[in-house]
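Let us take a walk through a protein structure together. Keep the sequence and the 3D view side by side, and find each place as we come to it.

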Amino acid sequence: MVEKQLNEGSNALPHTAIDAEVCKGCRRCIAACPQQVLRLRPTMNHCGIQPAEYIGRDCTGCGICFYNCPEPYAIRVESPDRPTRNS
Amino acid sequence: MSTKRTVGMFESFDRSGRATRSSHYCAGCGHGILHKLITEALVELGLQDRTVVVSPIGCAVFGYYYWDVGNIGAAHGRAPAVATAVSRTIPQAVVVAYQGDGDLAAIGFNCAVQAANRGERMVTFMVNNCTYGMTGGQMSPTSLLGQRTLTSPQGREAATEGHPLRVAELFNQLQAPVYIARCSVADTKRIFQTKQIVRKALELQRDGKGYAYVEVLSPCPTAMGLDALASARFTAEQMEQVFPLGVIRDHSTQAVPLPPPAPACSVPDFFARYRDRDFPAPVEDATYTERRMIVAGSGGQGILVLGLCLIEAGALAQRFVTWYPTYGPEQRGGFASCALVIGGRTIGSPHVEHPDILVCLTRPMLERFLPLVKPGGVVFCDTMILGPDAPSRPDVRIVAVPATELAAANGSSRAANTVMLTALLHTRVTGLPEEAILHARDATLRKKPSLIALNRHVFDAGLAWCRQNLP
């Protein structure tokens, strides 16, 4: 249970969501991530590819992995809205 | 919570009859990165519903499965010509020609340079990966010196294969382009530069300011024989030595929106202007049921002429008519067919998929078209091509006419089409008046008046046979 939460990331924190069945395992996101919080999953997906996965902490929500990813629907980055001055 | 995700693409991609969320591109291909940047900019600029993307031949040929915009596929290298047509006929459209280096810089280079020289309102994205990716990694005009490809196994040599073609610099010699830039999707820094350039080029299109050319250096791991990261390094380190990045020309501030092209005339006016003066204008008639017909056989059987005769009769009877021929390259003996539409109102498409009436003079054409006839339709065919193993259908009426035999017995086997005309007249399937058909019968021979008498003789023989043998 704890591990599942870590992989999907907490909703309150910025996190990267990777669709393991769409990812082609090219590793561009892993190489590009400034926080180095992405890695190849040890297990294969249904295509026999090791997809990228988020280690579950320290994502800043910068979106760099998203822009480096050649697959339209492999990576989604969620970040909480920044508090504004009035809130 | 804000989300960074792909926008402006279809939710799923319906390739090969099945829906998927996965693209067809190889792991590490640069196309997907550029696709995402383009659709993101289109959505941010609110241009999605104004945009038409012309897909090339090449790996991006399936672009229309991805971009949720207007899409057209073009023949190899001809995206600029198709984009020109869209841009001129839909002045409010944002037109994108998406091409590769093989498509643009080799096969369609003339097409591309002429469109740039005319300053068409469009943006061309050329994905430059220094190879023909889709066809298996052959040398392209932009392949680097020394680059080993399938067709330059020893490496490209300037002496025999020439130097890499710098398209952006060549286009910079032209007067008309408003914006010329080269960028790359090799790494994060370059991708964010590309994002700005893509947005700028699309803003120019939004404002109708003219031609923009954006060349995007992109890795092709498969053809380069490298993994995704090594091919990205090759793109950044090797390709940029020949193809330096940067904005080469930016006339966006001086450029003023081009006036929308003034159409020479509307489509109905065009047809009115060029209509043959011999024909009366067609008249709307709700009581006439539109007939969609196919006449098919071999070259030399007068297939196309029979079609012309029928639409000439239709035109004389003030119907709306179209004639749409299809034929092989052979003058004699190849397949020939024509699609005819005769209607009581403006005809939408001249293409006939499912005919009400089929006229067939050869067996292969019968086998091809019989399954397409609408239930309740009528098929006229030469008795000669029928037989115990002939295709048949219980839900269509098949009228067998010994057309070739009758024509040969009365002077010329090549007048079988005329016998078929008598069967069409006798059965009244076209709903056209007899006098119009008789007039058209002679009129189609206006260039060969010596044949009119023979043709009338065959016609009379055919009609006599029909009266005796057909209900």
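This is a predicted model: local features need pLDDT of at least 70, side-chain atom pairs count only at pLDDT 80 or more; totals for chains, interfaces and linings use all residues.

Two residues are said to be in contact if their C-beta atoms, placed from the backbone, lie within 7 Å. You will find A:Glu21 in the loop between strand 1 and helix 2 of chain A. Leaving out residues up to four places away in sequence, A:Glu21 touches A:Asn45 and A:His46. Now look along the chain to A:Gln36, which is 15 residues from A:Glu21 in sequence. In space, the C-alpha atoms of A:Glu21 and A:Gln36 are 22 Å apart.

Next, let us see how chains A and B meet. The contact takes 25 residues from chain A and 27 residues from chain B. On the side of chain A that touches chain B, the elements giving two or more residues are helix 2 (28-32), helix 3 (64-68) and strand 4 of chain A. What kinds of residue make up that side of chain A? They divide into 12 nonpolar, 5 polar and 8 charged.

An open sheet of 3 strands has the order 1(A)-4(A)-1(B), and its pairing is antiparallel. The edge strands, each pairing on one side only, are strand 1 (15-18) of chain A and strand 1 (2-4) of chain B. From one strand to the next, the twist averages 25°. Across the chain boundary, 3 bridges join strand 4 (residues 75-79) of chain A to strand 1 of chain B. To see this pairing residue by residue, find A:Ser79, which stands opposite B:Ser2, and then A:Glu78, whose bridge partner is B:Thr3.

Beyond its neighbours within four places in sequence, A:Cys65 is in contact with several residues of chain A, including A:Thr16, A:Cys29, A:Ile75 and A:Val77.

Look at helix 2 (residues 79-89) of chain B, whose buried residues include B:Ala79, B:Val82 and B:Val86. What do the buried residues of this helix pack against? Their partners in chain B are strand 4 (51-55), strand 5 (70-73), strand 6 (94-100), helix 4 (109-118) and strand 7 (123-128).

Our last stop is strand 15 (residues 378-382) of chain B. Of its 5 residues, 5 are buried, so strand 15 is largely enclosed by the rest of the structure. Both faces are covered: B:Val378, B:Phe380 and B:Asp382 are buried on one side, and B:Val379 and B:Cys381 on the other. Strand 15 of chain B pairs with strand 14 (residues 357-360) of chain B in the parallel sense, over 4 bridges. Within strand 15 of chain B, B:Phe380 is the bridge partner of B:Val359.

Key. Residues are numbered from 1 along each chain as its sequence is written. Chains are lettered from A and ligands numbered from 1 in the order in which they are written. Two strands pair if DSSP finds at least two bridges between them. Axes are lines fitted to C-alpha atoms, for helices over the stretch in contact, and angles run from 0 to 180 degrees between N-to-C directions. Ala, Val, Leu, Ile, Met, Phe, Trp, Tyr, Cys and Pro count as nonpolar, Asp, Glu, Lys and Arg as charged, and the others, Gly among them, as polar. A residue is buried if 20 or more other C-beta atoms lie within 10 Å of its own, exposed if 12 or fewer, and partly exposed in between; C-beta atoms are placed from the backbone.
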